Every structure is written in C-alpha cells, then in structure tokens.
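User: Hey, I've got a structure open and I'd like to talk it through with you. Can we go bit by bit?

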Amino acid sequence: MTTGTGGMTAGGRGRGEGIPPPDDESIAFALQVWQYKQGEVVALLIHLGDRLGLYRAMRGRGPVTPTDLAAATGLQERWVAEWLRGQGAAHLVTICGGDRFELSEAGAAVLVDEESSLLFAAGAFGPQADETFVDDLAEAFRTGIGMPYDRQGPSGAHRTERMLGPWARLALVPRILPALDGVVAKLAEGATVADVGCGAGVALGAMASAFPKSAFHGYDISRHAIDRATEKMAHAGLDNVTLHRSSAEALPTEPTFDLVVTFDCLHDMTAPEAAMAAIRRSIREDGTWLVKEIRCAPDLEGNLVNPMAALMYGFSVTGCMSSALSEPGGAGLGTLGLHPELLGRLTAAAGFSRFSLHDFDDPANLYYEVRP
Ligand SMILES: C[S@@+](CC[C@H](N)C(=O)[O-])C[C@H]1O[C@@H](n2cnc3c(N)ncnc32)[C@H](O)[C@@H]1O
C-alpha cells in the first residue's frame with residue numbers, strides 16, 4: 001500500500017505536474033488526520049498484544065528480542081518482530097538497541113495489571129462487533145434511532161466490563177462506599193442493594209464478596225451483560241447476588257433497597273427520568289443512591305478541558321448516545337450529557353431531597369450521594 005498526494009495525470013505527464021504543492025496548513029492537517037489512522041491501527045496492535053499475552057510475557061523480563069518473545073509466547077518470530085517494532089515506534093515499549101525491546105513498569109500498569117491497577121486500559125481495545133455495526137451506525141444518522149448495547153455483541157459487553165472494571169473492583173469497597181453516610185455499617189449488618197445498569201457485574205461482585213450478609217440485585221437490559229454477570233457470579237461462588245434482565249423502570253414499586261447504585265449508565269438510558277422515578281419508588285426512606293457519572297460540563301467549551309474529549313464524543317456516537325436514542329423519543333443524553341447541575345435538577349424532580357458530589361480523583365467520573 002502507498003499513501004500520498006502525488007499521481008500520474010492524464011496523458012502520462014510527470015508526478016503531480018499541474019497540481020499546486022500543498023501549503024503548510026494542509027500538510028499539518030493531513031498529518032493530524034493520519035495520526036488518527038495511526039491510532040486506529042496501533043489500537044488494534046494493542047488489542048493483539050493483550051489478547052496474545054505479549055505484554056504479559058514482556059512484563060518484568062527486561063529487554064527482549066523477537067526470538068525471546070516468540071519463544072515465551074509460542075508465537076511466530078517474524079510476526080512478533082514486526083509487532084515489537086510497531087510498539088517501539090508507538091513509544092509503548094522502549095527500543096533498547098540490538099533488536100531488543102522493553103516494557104516498563106509504568107507500561108505494565110496500563111497494559112498488563114488488570115487486577116491491581118486503576119490505570120489498566122488494554123481491556124478497552126478491540127474490534128467492533130462486525131462490519132454491519134458500522135452500517136447500522138451510519139443508518140442511525142439518517143433515522144435518528146440508535147442501537148442498544150447488545151448490538152455490540154458479547155465482545156462489546158466484555159470490553160465495557162474490562163474498561164470500567166478497575167475502579168469498581170479496586171476503589172468501590174475500600175474508598176468510595178466508606179465516604180457515604182452510614183452505608184458500610186448497613187452493608188456489614190445485612191442490607192438489600194440494587195445495581196441498576198449493572199453491566200457484567202464487576203461492582204456487584206466486589207460488593208457481594210465484601211458484604212456476605214447483604215443481598216444484591218443486578219438489573220440490566222443487556223442479555224450479553226447479564227449472561228456474563230451470571231457466569232462470573234457462579235465462578236466466584238457468590239450466592240447473595242440475583243440478576244434480572246430488565247430495565248430500571250421495572251424495579252420494585254415498594255421501598256425495598258437500602259442502597260441503589262447506578263454506574264456510568266443513566267446517560268445511556270432512553271428514559272433516565274423514568275429510571276430515576278423508579279429508583280425513588282424502590283428506595284427506602286433512609287436509603288442511599290450512589291451515582292457514578294462521567295465528569296462533564298454543560299457545554300462543549302467546558303468539556304474541552306478534558307484531554308480525552310474527542311474520545312468521549314466518539315464513545316457517545318458509537319455507544320452511549322446511540323443507546324440513549326435506541327427507542328423513538330429517547331433522551332439521548334450521551335457520554336458527556338449528564339453534568340452535575342442537570343443531575344441535581346433531575347434527582348430533585350424525581351423526589352430526592354439530598355444531593356452531594358464526591359470527587360475521588362477518578363479521572364473519568366464524578367460520584368454523587370443522593371438521598372430521599
Ligand atoms: C456503560 S455500561 C455500564 C455498565 C456497568 N454499570 C459498569 O459500570 O460496568 C451501561 C449499561 O447500562 C445498561 N442500560 C442501558 N439502559 C438501561 C435501562 N433502561 N435499564 C437498565 N440498564 C440499562 C446497558 O445495557 C449497559 O450494560
């Protein structure tokens with residue numbers, strides 16, 4: 001494959017003859033655009049490094065040659081060599097000379113340490129469900145109707161689980177729940193808890209194993225997420241978790257829950273106000289609702305302080321806003337659509353009287369303690 005702006009003109013004249021040379025601004029713009037293509041391709045190589053165990057094999061090993069890494073992973077040396085060179089060019093591994101490459105400890109925290117690093121990111125990488133997903137996304141621009149999470153297939157649920165998992169697994173029980181008024185004491189004694197929009201159940205698993213006397217209920221409309229959560233609860237031997245494949249609006253209508261959590265999901269819902277009203281009905285008068293929502297501002301300018309703003313708007317079009325528009329009349333809030341002021345207003349309208357914001361330095365999210 002070749003790339004570039006040159007080419008033969010009609011009549012067989014020389015390369016680029018008659019075409020004015022591009023100006024500096026156009027060249028800089030083209031470079032910026034190609035950097036996104038580079039990002040797309042490097043993203044696929046990150047996924048392959050994660051999937052094939054290449055990063056895991058490099059961890060703590062010091063500088064390795066393609067021969068070393070191929071032997072350690074059982075993969076073909078020529079393929080491993082090209083992958084390593086690409087990783088070096090992308091500054092993801094250090095080029096040490098002599099055809100040797102090293103994964104740093106910082107690199108391992110982001111690319112390997114899924115169980116113990118809040119910075120683990122490799123799980124977010126992976127191909128789209130299939131080619132027709134993009135066809136449907138293009139069609140959504142015409143019809144206005146998006147797609148629920150399940151349209152991304154089982155791999156979509158798995159990617160979401162791995163991308164959002166570290167904070168739920170590592171910070172929720174030791175850091176976040178203790179900051180809420182009286183919640184840990186209730187959970188330790190035996191409380192009834194709902195995780196609404198529970199996805200693949202990472203938060204449920206963390207809470208259910210820490211508080212065995214409490215009963216946990218997970219609600220999600222995604223079949224793939226509930227299947228995955230069911231598998232994980234069985235694997236972990238957790239018998240205090242019940243999973244419901246149903247919408248937030250189908251929560252019990254009687255005051256049932258001492259704690260409700262909604263993590264990264266209200267902005268994905270077609271009817272967040274109806275979900276909030278259902279949560280209000282299902283929560284006990286002395287209960288707590290813990291909301292985790294994306295750190296965002298009411299306007300584009302405010303969101304641009306986020307160095308990942310373009311990624312967030314991209315996630316919105318491909319996932320969050322699409323889900324929130326997956327039914328006619330959907331609210332369509334999207335990834336950056338539920339800012340603190342709006343959430344405060346909507347929770348008050350749903351009948352909650354107390355609302356406080358907690359900032360745990362989660363780079364992507366803010367947390368809210370909401371009470372009747
Ligand atoms: C970004 S995922 C977050 C999953 C999980 N809370 C986590 O943090 O890993 C959003 C989830 O909300 C679910 N969802 C969307 N609309 C819903 C609704 N009306 N009721 C229940 N779940 C819903 C989706 O199926 C998806 O699993």
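User: Let's start with glycine 287: buried or exposed?

Analyst: Glycine 287 is buried, because 24 other C-beta atoms lie within 10 Å; the cut-off for buried is 20 or more. Keep in mind that this is a predicted model.

User: Which element is glycine 287 in, and what does it touch?

Analyst: Glycine 287 sits in strand 7. Leaving out residues up to four places away in sequence, glycine 287 touches Phe257, Asp258, Leu259, Val260 and Pro372. There's also threonine 192, which is 95 residues away in sequence, with 9.8 Å between the two C-alpha atoms.

User: How much of strand 7 is buried?

Analyst: Strand 7 covers residues 283-294 and is mostly covered, with nine of its 12 residues buried.

User: And which strands does strand 7 pair with?

Analyst: Strand 6, residues 257-263, pairs with strand 7 in the parallel sense, over six bridges. In that pairing, valine 261 is opposite leucine 290. To get from strand 6 to strand 7 the chain passes through helix 12 (residues 272-282), and that β-α-β crossover is right-handed. Strand 9, residues 365-371, runs antiparallel to strand 7, and six bridges join them. There, tryptophan 289 is opposite valine 370 of strand 9.

User: Switching topic: which residues come nearest to the ligand?

Analyst: There are 24 residues around the ligand, and the nearest of them are Gly197, Gly199, Ser222, Phe263 and Cys265.

User: Which helix gives the most to the shell?

Analyst: Helix 7, residues 153-170, gives the most, with four residues.

User: OK, helices. Which residues of helix 11 are buried?

Analyst: In helix 11, the buried ones are His224, Ala225, Ile226, Arg228, Ala229 and Met233. Their cover includes helix 7, helix 10 (202-210), strand 4 (215-219) and strand 5 (241-244).

User: How far does helix 11 reach, end to end?

Analyst: Helix 11 runs over residues 223-236, 14 residues in total, and its first and last C-alpha atoms are 20 Å apart. That's close to the expected 20 Å at 1.5 Å a residue.

User: What about helix 6, how many of its residues are buried?

Analyst: The number is zero out of 13, so helix 6 lies largely in the open. Helix 6 takes in residues 131-143 and spans 19 Å from first C-alpha to last, close to the expected 18 Å. Just after helix 6 there's glycine 144, which takes a positive phi of about 85°.

User: Where do they sit?

Analyst: Histidine 91 is in the loop between helix 4 (77-89) and strand 1 (94-97). Aspartate 361 is in the loop between strand 8 (354-358) and strand 9.

User: Why does histidine 91 count as exposed? And why does aspartate 361?

Analyst: Histidine 91 has 10 other C-beta atoms within 10 Å, so it is exposed; the cut-off for exposed is 12 or fewer. Aspartate 361 is exposed too, because it has 7 C-beta neighbours inside 10 Å.

User: I also clicked on serine 104. Where is it, and how exposed?

Analyst: Serine 104 lies in the loop between strand 2 (100-102) and helix 5 (105-111). It counts as partly exposed because it has 14 C-beta neighbours inside 10 Å. The C-alpha atoms of serine 104 and leucine 92 are 8.7 Å apart, and these two residues are 12 apart along the chain.

User: Last one, zooming out. How many helices and strands are there, and what box does the protein fill?

Analyst: The protein has 15 helices and nine strands. Its C-alpha atoms fill a box of roughly 80 × 50 × 35 Å along the principal axes. Of its 372 residues, 37% count as buried. Among contacts between residues at least 6 apart in sequence, 66% link residues at least 24 apart.

Notes. Residues numbered from 1 in each chain as written. Predicted model: local features only at pLDDT ≥ 70, side-chain atom pairs only at ≥ 80, totals over all residues. Near = placed C-beta within 6 Å. Helix = DSSP H or I, 4+ residues; strand = E, 2+ residues; numbered from the N terminus. Expected span 1.5 Å × (residues − 1). Pairing = 2+ DSSP bridges. Right-handed = clockwise from strand over helix to strand, strands pointing away. Contact = placed C-beta atoms within 7 Å.
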